[in-house]
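Q: Please go through the structural labels given to this model and set each value against its definition.

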Amino acid sequence: MLALQAGLWGLVGGSALLIGAAIAWFASLPQRLIAAVMAIGSGVLISAVAFDLMDEAYAAGGFDSTALGFVGGAAVYTLANVLVSRAGARHRKRSGSNAAESQDGSDSSGLAIAIGALLDGIPESIVIGVSLLDGSGVSTVTVAAVFLSNLPEGLSSAAGMKKAGRSAAYVFGVWGAIAVASGIAALLGNLLLADAGKDTIAAVTAVAAGAILAMLVDTMIPEATEETHEYSGFIAVIGFLAAFILSKLGG
């Protein structure tokens, strides 16, 4: 039952991809608004990494497991990100005028974008699943952060796919499948780690934290800054503060 609950929460976070895709398909939003949402999501995710994930990892497994997992997660994400970026998914979170440039309509480009979205979302979804293991309920901050990071990705990438001539069935099929995969990742994270030791849970949590922070710096923050310019830092601070308040109220 707990694993199913984790899967549902993972699906909630992943559903933002479909919501963003629907908005992009049926409406046209200002690029600055999309980038502002991304900046808020960046602030929320930074807060989640700092006050939820790293604190939990350190409390469970100490400094060694946390540090090793954190650096390892960042390294694995960076290597995988380089590969999918070279395959055509460099701007999968693009919210500006170049939204369609990395989506040339080819199968390889579309596949790379889908793989890139999975690469971004799986660590986040696993964290959602792991957050339920202590019996205190899901981390509201983590779910909110995942949702806010997925929304502009689905929106901007779907807009690019539409400009590249993709069909509605293709666009919603891709993002629907990735949303479901996010739920499955959260479910498996909870199920497979239910009997794991504290060091293992600490390492996995820290791996996810490292991957998320690397993703932020590599993709979300540059894209948010491109459109919001000098306001991106302030907007991110608002997101960080909101997540910080939520984490303290939830505690």
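The questions below take the chain as a whole, then its helices, then single residues.

A: The model is predicted, so local features need pLDDT of at least 70 and side-chain atom pairs count only at pLDDT 80 or more, while totals for chains, interfaces and linings use all residues. Residues are numbered from 1 along each chain as its sequence is written, and side-chain values use heavy atoms, with hydrogens and water left out.

Q: What share of the protein chain counts as buried?

A: Buried means under 20% relative accessible area, exposed over 50%, and partly exposed in between (1.4 Å probe, protein chains only). Of the 251 residues of the protein chain, 49% are buried. The accessible surface, from the Shrake-Rupley method with a 1.4 Å probe, is about 10,900 Å² for the protein chain, and 71% of it belongs to carbon and sulfur atoms.

Q: What share of the contacts with a separation of 6 or more joins residues 24 or more positions apart?

A: A contact means heavy atoms within 4.5 Å. In the protein chain, residues 24 or more positions apart account for 85% of the contacts with a separation of 6 or more.

Q: How do you know that the span of helix H4 is close to the expected one?

A: The expected span is 1.5 Å times one less than the number of residues. H4 (residues 140-163) has 24 residues and an expected span of 34 Å, and its first and last C-alpha atoms are 35 Å apart. Helix H5 (residues 168-192) has 25 residues and reaches 35 Å, close to the 36 Å expected.

Q: Why is H4 described as largely enclosed by the rest of the structure?

A: Because 17 of its 24 residues are buried, H4 is largely enclosed by the rest of the structure. Just after H4, glycine 165 has a positive phi of about 90 degrees.

Q: What describes the packing of two helices?

A: The angle between their axes and the distance between the axes describe it. Axes are lines fitted to C-alpha atoms, for helices over the stretch in contact, and angles run from 0 to 180 degrees between N-to-C directions.

Q: How are H4 and H5 packed, in angle and axis distance?

A: H4 and H5 pack at about 150 degrees, with their axes 10 Å apart. That makes H4 roughly antiparallel to H5, since angles over 145 count as roughly antiparallel, under 35 degrees as roughly parallel, 65 to 115 as roughly perpendicular and the rest as oblique. Where the two helices meet, Glu153, Gly154, Ser157, Ala158 and Met161 in H4 face Tyr170, Val171, Val174 and Trp175 in H5. Among the buried residues of H5 are Val171, Val174 and Trp175.

Q: Why is helix H1 called roughly parallel to H4?

A: H1 (residues 2-26) and H4 pack at an angle of about 30 degrees, with their axes 7 Å apart. H1 and H4 are therefore roughly parallel.

Q: At what angle do the axes of H1 and H5 cross?

A: They cross at roughly 160 degrees and come within 7 Å. That makes H1 roughly antiparallel to H5.

Q: Which hand does the crossing of H4 and H5 have?

A: A crossing is left-handed if the near helix is turned anticlockwise from the far one by less than a right angle, and right-handed if clockwise. The crossing of H4 and H5 is right-handed. H1 also passes H4 in a right-handed crossing, and H1 passes H5 in a right-handed crossing.

Q: Is alanine 179 buried or exposed?

A: Alanine 179, in H5, has a relative accessible area of 3%, so it is buried. Leaving aside neighbours within four places in sequence, alanine 179 is in contact with Leu11, Gly14, Ser15 and Leu17.

Q: Why does threonine 205 count as buried?

A: Threonine 205 counts as buried because its relative accessibility is 5%. This residue lies in helix H6 (residues 198-228) and touches Leu53, Ala57 and Val130, not counting residues up to four places away in sequence.

Q: Why does leucine 192 count as exposed?

A: Leucine 192 lies in H5 and has 65% relative accessibility, so it counts as exposed.

Notes: Helices (H or I, at least four residues) and strands (E, at least two) are DSSP runs, numbered from the N terminus.
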